Amino acid sequence: MDEIDRAILRELQTDGRIPYAELGPKVGLSPSAARQRLQRLIDTKAVQIVGVTDPVAMGSQAMALLGVRVDGDSRAVADELSRHREVVYTVLTAGTFDLFVEVVCRRPSDLLDFVNDVVRPVEGVTAVENFPYFGIHTHRFLWDVG
């Protein structure tokens, strides 16, 4: 990945629907060259184009990151929790928590029920710490691409 590829990615992070006619000149390429570059990044799986929804706009009012401590196989716990529609993602960690689980629920009471009725009873879960998100635009998926 070179500097032009990184420039393309920075532009796409700002506007994922930017037309090639605008993208090319912004990164110093013709529109067709920008299209070819992006297609190569997609073909090599360096880039994946996906839609990201705003949970608040979709009617959800409660979002949280759950820090989960596990006694046993944290992969099995991650697999079990990933089966629930409230779970956006799970990630194994090597820090204070064995697992982070991002969840989105309709109401704060649904979040409380999910933690108490779904997460805590999973075999191996020893502790759950809830880090709720507040307000609109809690997510920004902008990674430094160089």
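1. Helices (H or I, at least four residues) and strands (E, at least two) are DSSP runs, numbered from the N terminus. With that in hand, look at where helix α2 meets helix α3: Tyr20, Ala21, Leu23 and Gly24 in α2 meet Pro31, Ala34, Arg35 and Leu38 in α3. Sorted by type, the residues of this contact come out as six nonpolar, one polar and one charged. For that sorting, Ala, Val, Leu, Ile, Met, Phe, Trp, Tyr, Cys and Pro count as nonpolar, Asp, Glu, Lys and Arg as charged, and the others, Gly among them, as polar.

2. Keep in mind that this is a predicted model, where local features need pLDDT of at least 70 and side-chain atom pairs count only at pLDDT 80 or more, while totals for chains, interfaces and linings use all residues. Residues are numbered from 1 along each chain as its sequence is written, and side-chain values use heavy atoms, with hydrogens and water left out.

3. Now step back to the whole protein. It has five helices and four strands, and from the N terminus on they run α-α-α-β-α-β-β-α-β. Buried residues (under 20% relative accessible area; exposed is over 50%, partly exposed in between, with a 1.4 Å probe and protein chains only) make up 32% of the 146 residues. Of the contacts between residues at least 6 apart in sequence, 62% join residues at least 24 apart.

4. How do α2 and α3 sit against each other? Two packed helices are described by the angle between their axes and the distance between the axes. Helix α2 (residues 20–27) and helix α3 (residues 31–43) pack at about 90°, their axes 7 Å apart. Axes are lines fitted to C-alpha atoms, for helices over the stretch in contact, and angles run from 0 to 180 degrees between N-to-C directions. The two helices are therefore roughly perpendicular (that label covers 65 to 115 degrees; under 35 is roughly parallel, over 145 roughly antiparallel, and the rest oblique).

5. Helix α1 (residues 3–14) passes a simple length check. Its twelve residues should span 16 Å at 1.5 Å a residue, and its end C-alpha atoms are 17 Å apart, which agrees. The expected span is 1.5 Å times one less than the number of residues. Which residues of α1 are buried? They are Asp5, Ala7, Ile8, Leu9 and Leu12, and what covers them includes α2 and α3.

6. On to the sheet. Four strands form an open sheet in the order β2-β3-β1-β4, with antiparallel pairing (two strands pair if DSSP finds at least two bridges between them). Why is one side of β2 and of β4 left without a neighbour? Because β2 (87–92) and β4 (125–133) stand at the edges, each with a single partner strand. Neighbouring strands are turned by 20° against each other on average, direction ignored.

7. Strand by strand, β1 (residues 62–70) and β3 (residues 99–105) pair over seven bridges in the antiparallel sense, and Ala64 stands opposite Val103 in β3. Strands β2 and β3 pair over five bridges, also antiparallel, with Val91 bridged to Phe100 in β3. A hairpin joins β2 to β3 through six residues. Six of the seven residues of β3 are buried, so β3 is largely enclosed by the rest of the structure.

8. Helix α4 (residues 74–82) touches β1, β2, β3 and β4, and its direction makes about 175° with that of β2. Helix α5 (residues 108–119) also touches β1, β2, β3 and β4, with its direction at about 20° to that of β1.

9. Val70, in strand β1, is buried, with a relative accessible area of 12%. Leaving aside neighbours within four places in sequence, Val70 is in contact with Val77, Asp98, Gly124 and Thr126. Val70 and Val128 are 58 residues apart in sequence but 9.1 Å apart in space, C-alpha to C-alpha. Ser74 lies in helix α4 and counts as buried at 17% relative accessibility; not counting residues up to four places away in sequence, Ser74 touches Leu92, Asp98 and Leu99. Is Lys45 buried or exposed? Lys45 is exposed, with a relative accessible area of 73%. Lys45 sits in the loop between α3 and β1, and its phi is near 65°, a positive value in a residue other than glycine.

How values were computed. Contact means heavy atoms within 4.5 Å.
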